[in-house]
Amino acid sequence: MNDEFDFATPALPGAALGIDVVAQPPGQVCAVSELAPATVPVDSSPVFIRCLSIPGASVVVPETLPGGPLRVLRGESAVRGMAYPGLPYESRLGVVGGTFPYEFRIIAVTMGGTPMPPSSVSIDFRHGTLRFTPATETSVAIEVEIRDSASPQQVLTHSIAIDVATAPFVFVAEDGIDSAGRGSLAQPYRTLGYALPRTSPVQAIMLRRGSYLTGGFIIGDTHAKTILAYPDEVPEIDLDYAGSITVRIDQLPGARLEGLDIRHVQQYGIFSDPSTPGLVLRHLRFVEGREGSAPSENPAFVHGRGDTGNNSRHALIVQDSDFGPFQMLSSGAYAFTLFDAGDSLIENNQIRLGATSGGIHDKDNSQGNTYRENYIAFSTANATSSGIAVSAQYNSVDVHIHHNLLINAGVRLGVQCFQETCYMRNHDVHHNTLVGAGLTFSWGVFNPTSFGSRFSHNIVSSGSEAPYAWHSCLGSVPAAFDTQLDIGTNLIETTSSRAMRDTECGGGPMNMGWSAWRDTHGMDTAQSGSVVTATTALTGSGPTIGLPATDPRRPALGHLYQPAPTLVDVIFADSFE
């Protein structure tokens, strides 16, 4: 995650430059960046090593939802539409719908109107990350084929247009100068504060390696909405515990921040108010965050404010980013606190905050958000934290939480859905692995207008605690309980005699034994495919936790996939160039 590493025995200056990783996870390939020199630098300057994961093709994961049409979020602005000649370009699609996981292929490329071989642009077969290095100014058109894991597969073709030119880019470097006529790669500005008001909405600011003290700033509709790291360099935006990056846009294009370290966050790191045309955050690292000096509302590294009724104000794509640590003074600190977020995708992030209330808090008015393949971990001392909470303070619909790994944390639905008018509908929590002490899967909805939520194909290893929890103090089981939730096809590892416990009152009918859970309410029945066992089949630790490759349940349960080897494995296994 962008850290430096010094070898115990330095390589000789002038020797051929290369790297061979002897032991690494299956499917991972590490290589020296294409921007690196051919020989070891004489001045001992750092060299960037890029590691990519290349899983096998044609993954089969049965019975996953949502199952709707495949869609590329943000449409034409799904990936960055500008590239600089001579510099590596990288961007990633955000896809929802269908049956996850997906397969991505390049089927056509044209540059300057001339057809090129598809291999001229590489794509991550599993995640849809595009990468190529344009030699000169030109227009690039790429056709990407996306397939899901259904049988038969859904197939979607998506067109991408990228303008390769120098004019849209403004450069900032620590050794630059803030004066008129500058901002080019050869003559960069020195500070963001000087560069930003001298840009247009269709331009991008590219930061060179270094630390940029800002104290916070606004990304609005009148100036550049894209801030990027120079390829293979890691610039740091230092907020100095004095402000946040406030994104306040109502017009296209959407905003985008990529490749940055964001340090010294107080209360909020990125404050979305609003980001209706879209906000993309990729390859960011949030470090050294803390709650404000006077405890205040909903501190988080990414905060989406809601203040216009039930309108969706935030269209977020957050990918491949790292969150933590965050110092909480009172309660309620998270990596994300979201109000009125809709049609958003949070995927492939690492969240390790320390002693906070949780990782992701989708607080109210959730509309079609997806949380997948995130790694969220807390210590056993902080095991009452929630990993992903959808509180439904003002309703929530069509939220999907799948293929996440949560350590000492769980999934909480409806924690603030108390009023009779509140509802939580058609949520799907599937193929997650929830391991360790504290909360696992918990439910707090009791009003009769909630329905259609599912918890299935998960691995829940809760030790001596009950794997399920209830968040509302009731004297009897709600009549609608059996229709609000569908729970089955799970692997439950616990020694608890209770399936569900009451976290609010400590007693009553919601402290439910396994016989009532399975026989009376039809949850986790053997007929559904659920297995309840006092022993654990999980191996490994941290992000490597999972069922062993020989376990027959691996294709159906948990966050790991079981490849089905076919001829396409041979064809597409090295789809990275």
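Predicted model: local features only at pLDDT ≥ 70, side-chain atom pairs only at ≥ 80, totals over all residues.
Asparagine 348 sits in the loop between β29 (345–347) and β30 (350–351).

With a relative accessible area of 7%, asparagine 408 is buried.

Cis peptide bonds occur at two prolines, proline 152 and proline 325. The bond that joins serine 151 to proline 152 is cis, with omega about 0 degrees. Proline 152 belongs to the loop between β11 (138–147) and β12 (155–164). From glycine 324 to proline 325 the peptide bond is again cis, and omega is near -5 degrees. Proline 325 is in the loop between β26 and β27 (326–327).

**Overall fold**

The secondary structure of the protein chain consists of 4 helices and 51 strands. Its radius of gyration is 24 Å, close to the 25 Å from the globule rule for 577 residues, so the chain is as compact as a globular protein of that length. The C-alpha trace spans about 75 × 55 × 50 Å along its principal axes.

Of the 577 residues in the protein chain, 55% are buried. Contacts between residues at least 6 apart in sequence join residues at least 24 apart in 74% of cases. The chain exposes about 22,500 Å², of which carbon and sulfur atoms supply 55%. The protein chain carries 34 positive and 56 negative charges, and the mean positions of the two sets are 2 Å apart.

**Aromatic pairs**

A pair of aromatic rings is described by the distance of the centres and the angle of the planes. The count in this model comes to 18 aromatic pairs. Two of them are set out below.

| Pair | Centre to centre | Angle between planes | Geometry |
|---|---|---|---|
| Phenylalanine 100 and tyrosine 102 | 5.3 Å | 90 degrees | edge-to-face |
| Phenylalanine 301 and phenylalanine 323 | 6.3 Å | 50 degrees | tilted |

Phenylalanine 301 is buried, at a relative accessible area of 0%. The value for phenylalanine 323 is 1%, and this residue is buried as well.

Which residues form an aromatic cluster? One cluster is made up of Phe441, Phe455, Tyr468, Trp470, Phe481 and Trp517.

Note on methods. Residues numbered from 1 in each chain as written. Heavy atoms only, no water. Helix = DSSP H or I, 4+ residues; strand = E, 2+ residues; numbered from the N terminus. Rg over C-alpha atoms; globule rule 2.2 N^0.38 Å. Buried < 20%, exposed > 50% of the residue type's maximum accessible area, 1.4 Å probe, protein only. Contact = heavy atoms within 4.5 Å. Areas by Shrake-Rupley, 256 points an atom, 1.4 Å probe, with all protein chains shown as cover. Lys, Arg positive; Asp, Glu negative; His and termini not counted. Charge placed at Lys NZ, Arg CZ, Asp CG, Glu CD. Phe/Tyr/Trp six-rings, centres within 6.5 Å; stacked < 30°, edge-to-face > 60°.
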